[in-house]
Amino acid sequence: MKAKQEFKVVPRLPRKLTPLRRMAYNVFFSWQSGIRDIFQRIDPQLWETSGHNPVVLMGLVDQKRLDELEHDAGFVSQLEEAANRFDQYMSAQPIDQDRTLVAYFSAEFGLTTCVPIYSGGLGMLAGDHLKSASDLNIPLVGVGLLYQEGYFAQYLNNDGWQMENYPNNDFDSMPVLQVKDANGQPLKVYVKFKDRQAAIAVWRIPVGRVPLYVLDTDLDENPPDIRATTSQLYGGDREMRIRQEIVLGVGGVRALKAMGVTPTVIHMNEGHSAFSALERINILRKDYGLSFDAAREVVQASTVFTTHTPVPAGNDTFHPDLARAYLEEYGKELGISWPVLLGYGRVNPRDDNEPFGVTPLSLRLASHANGVSKLHGLVSRRMWQSIWPKTPVEDTPIDSVTNGIHVSTWASREISRLYSRYLGQDWKEDPDPEHIWQFISQIPLSELWRAHCHCRERLIAFARRALFRQLKRQGAPALSLQRAMEIFSPDALTIGFARRFATYKRATLLFSDPDRLAKILNNPERPIQIIVAGKAHPQDNDGKAFIKRIIHYSREERFSNRVLFIENYNIFLACLLTAGCDVWLNNPRRPLEACGTSGMKALANGVLNLSILDGWWDEGYAPQYGWAIGSGEEEANQELQDLTESQALYNLLEQQVAPSFYNRTSDGIPLAWCEMMRGSIRDLVPRFSSHRMVRDYFERFYRQSSDRYNLLTANNFKAASEQAAWRQKLMTSWSDVAILDLSGVSSEAKTVGETLDLTVKVKLGALSPEDVTIEVYYGTMDHQGEFTDRAITPMSPVRKFEEDGSWLYETKLACQKSGRFGYTARVTPSRDKLGNPFVMGLVTWA
């Protein structure tokens with residue numbers, strides 16, 4: 001029987017303890033150990049059983065305990081100090097807020113264990129993005145979904161097969177706050193699912209200075225199937241997925257509007273939020289009477305899109321019939337026909353068999369698109385080049401911004417104390433990280449080693465307890481439970497492998513030759529132990545089979561004290577592993593790892609990386625920082641690749657990794673190893689931090705996009721309407737554009753230091769020089785006449801030929817080095833009028 005009415009009883013906080021409430025409802029505590037210490041001090045046991053959730057803690061703590069703490073001078077002093085720091089942090093004004101506001105959309109956010117609305121690296125990246133934006137005072141808000149069940153909790157059956165369970169999230173026991181309207185009622189916005197209306201509630205999660213707004217369809221007024229839309233992250237079928245993406249994209253933009261939040265830039269973190277671009281067009285049409293074309297100019301100029309997926313199959317697509325059922329009527333609101341809207345979501349708009357994809361839609365409606373590492377940017381350009389068939393791969397409008405991690409979230413308590421001692425207390429918010437991190441060299445190797453050993457000891461203690469709980473749940477005998485509490489050594493070389501169990505990550509590569517691996521791990525003088533963790537997607541049976549295989553190996557006598565799989569990988573476990581392991585192993589099949597930020601989290605703790613040259617490690621690797629498996633090969637024969645790289649991995653463990661770890665001084669310190677730890681922290685952490693990443697986005701994309709938005713929306717959108725008309729002129733006149741003549745090379749070779757005078761004669765038709773950019777495209781060539789690299793130099797108009805209306809352009813090329821060179825010329829839309837001249841797909845070559 002259900003209650004007729006409900007009410008809540010919350011603790012009565014004594015006056016001196018009132019700061020606890022505002023700190024409990026801001027996940028700033030997730031990267032501030034001082035605040036966590038306060039909550040732990042209230043009731044250490046309750047802090048652990050609450051899952052480090054201050055809201056649960058404050059709801060369950062005994063009133064008598066709070067009254068005692070009010071008279072505890074030491075606690076009150078500690079609380080006042082933390083509250084003052086918190087208030088000082090929160091009072092800072094965002095930079096550039098008069099002209100910039102970014103709305104960052106993502107389907108998942110990894111903030112802290114007690115807000116389980118994440119599954120893996122995409123969510124971790126999104127959470128770290130918000131935290132760095134907060135630390136750097138970037139004017140930004142987040143938009144996501146508040147899942148009733150989140151991602152699944154993992155457990156293994158007795159045979160080692162992954163099972164899933166979906167615990168319900170109690171929003172009242174999480175650091176989330178319901179957004180209210182002007183009348184004090186819960187704010188709601190609405191979207192259409194076919195011909196039915198879906199109500200959406202809006203919640204707010206304070207992330208330091210940044211608000212994260214999350215959307216929820218689990219409302220009484222919605223029918224059961226609509227209520228379930230935000231039940232599970234990456235759950236359900238294709239229809240559930242398109243509903244979630246409508247809620248996130250369309251509902252997210254409507255929620256911002258309802259709250260009076262008008263972003264100048266939308267950043268779509270993956271294609272799940274692609275519909276946000278369409279809804280912004282919709283609002284501009286309805287509220288300001290703009291044409292679709294003019295509204296698109298505003299939206300495209302102010303949209304940033306980040307793709308994380310290096311394989312076509314990983315990008316969301318929907319059958320045209322399903323997409324039509326949900327979007328055809330919406331297309332009419334946008335003022336475009338269904339075939340036109342469908343074409344925006346296709347690589348080839350004329351291919352009737354192609355599904356509707358949110359990645360092509362996002363790429364077409366963004367002025368800035370990027371992969372998440374340099375290598376991934378190249379992979380993405382190759383993957384999506386067909387959208388712009390006349391543009392070379394290197395000019396395909398997909399850039400790269402390498403991911404980073406929020407160092408103060410992922411650095412352990414022990415390592416953070418070293419940073420504060422030698423970098424200064426303000427290292428977490430320092431605006432010049434490259435400079436400040438050079439002070440890492442002052443950390444004595446002995447101190448760094450002791451701090452790391454504490455982290456390893458804590459990890460091993462946790463691993464023993466975790467194994468004990470796993471075995472006890474499975475009904476293991478007493479002897480097995482006793483052995484679980486003795487497994488592993490806190491002094492042995494410990495390797496960590498923890499991530500999603502997607503098959504391309506090759507979790508079982510290390511077990512390719514079990515006999516050789518057993519000899520390596522059980523070397524009596526140089527023992528090695530391996531901790532594995534990670535989840536396979538509920539529908540990924542191949543990934544589940546990988547987990548089962550590792551579990552079966554771990555039960556063999558030769559591996560029983562050397563290999564351990566810990567269930568239910570989450571943020572808390574990730575923090576323990578990336579701090580307590582000595583080596584972080586990553587062996588994806590290159591180039592399928594878009595970035596791989598777990599290795600960066602290990603890096604922040606001085607843990608050394610042993611990895612395939614893929615993702616970020618392809619940029620970060622040098623012999624003084626860690627080890628590379630292979631040399632960046634991409635082998636078509638996967639079986640041969642696995643054999644070659646597994647043997648390379650074994651050789652590294654035997655010949656380099658283990659010898660270096662166990663080569664100790666008389667006082668037990670591996671000096672060479674510690675030098676690698678210190679050097680990798682000093683040189684790589686500032687390069688692969690989310691502070692650097694967010695600054696890159698702000699300086700390269702956000703500012704430019706925001707300036708374009710402000711320009712196009714000024715004077716009642718005058719520039720937007722003019723830009724739309726100009727684009728239409730380009731589209732109708734471009735067929736007349738041609739390069740009639742290209743000249744400059746004589747029969748004699750040039751010498752280094754000379755210049756090459758180049759001219760082109762160009763037919764522009766109805767266009768003028770102000771409408772176009774004409775460039776020389778030149779560089780070295782291979783034996784087939786293909787460019788091996790290229791540079792671009794703009795050309796200037798010098799005269800018009802009145803007889804035929806063509807134009808003469810010229811420029812000079814400096815011959816700076818010897819070799820075989822070639823050049824050509826091209827015409828594109830004006831770089832001055834478009835933030836990105838390639839997004840229109842218009843280019844004419846000589």
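Start by selecting threonine 824, which sits in strand E29 (residues 821-829); helices (H or I, at least four residues) and strands (E, at least two) are DSSP runs numbered from the N terminus. The model you have open is predicted: local features need pLDDT of at least 70, side-chain atom pairs count only at pLDDT 80 or more, and totals for chains, interfaces and linings use all residues. Residues are numbered from 1 along each chain as its sequence is written, and side-chain values use heavy atoms, with hydrogens and water left out.

Is threonine 824 buried or exposed? Its relative accessibility is 15%, so threonine 824 counts as buried (under 20% relative accessible area; exposed is over 50%, partly exposed in between; 1.4 Å probe, protein chains only). Show its contacts (heavy atoms within 4.5 Å): leaving out residues up to four places away in sequence, threonine 824 touches Leu742, Glu775, Val776, Tyr777, Phe787, Trp845 and Ala846.

Next, pick helices H19 (residues 445-473) and H23 (residues 571-580), whose axes come within 8 Å and cross at roughly 135°. On the H19 side, His452, Cys455, Arg456, Arg458, Leu459 and Phe462 meet Phe572, Leu573, Leu576, Leu577, Ala579 and Gly580 in H23.

Now step to asparagine 568, in the loop between strand E19 (563-566) and H23. Asparagine 568 has a positive phi, near 60°, though it is a residue other than glycine, and it is partly exposed at a relative accessible area of 25%.

Aspartate 96 also has a positive phi, about 60°, without being a glycine. Find aspartate 96 in the loop between helix H6 (73-91) and strand E1 (102-105).

Finish at proline 591: the peptide bond from arginine 590 to proline 591 is cis, with omega near 5°.

Note on methods: Axes fitted to C-alpha atoms, helices over the stretch in contact; angles between N-to-C directions.
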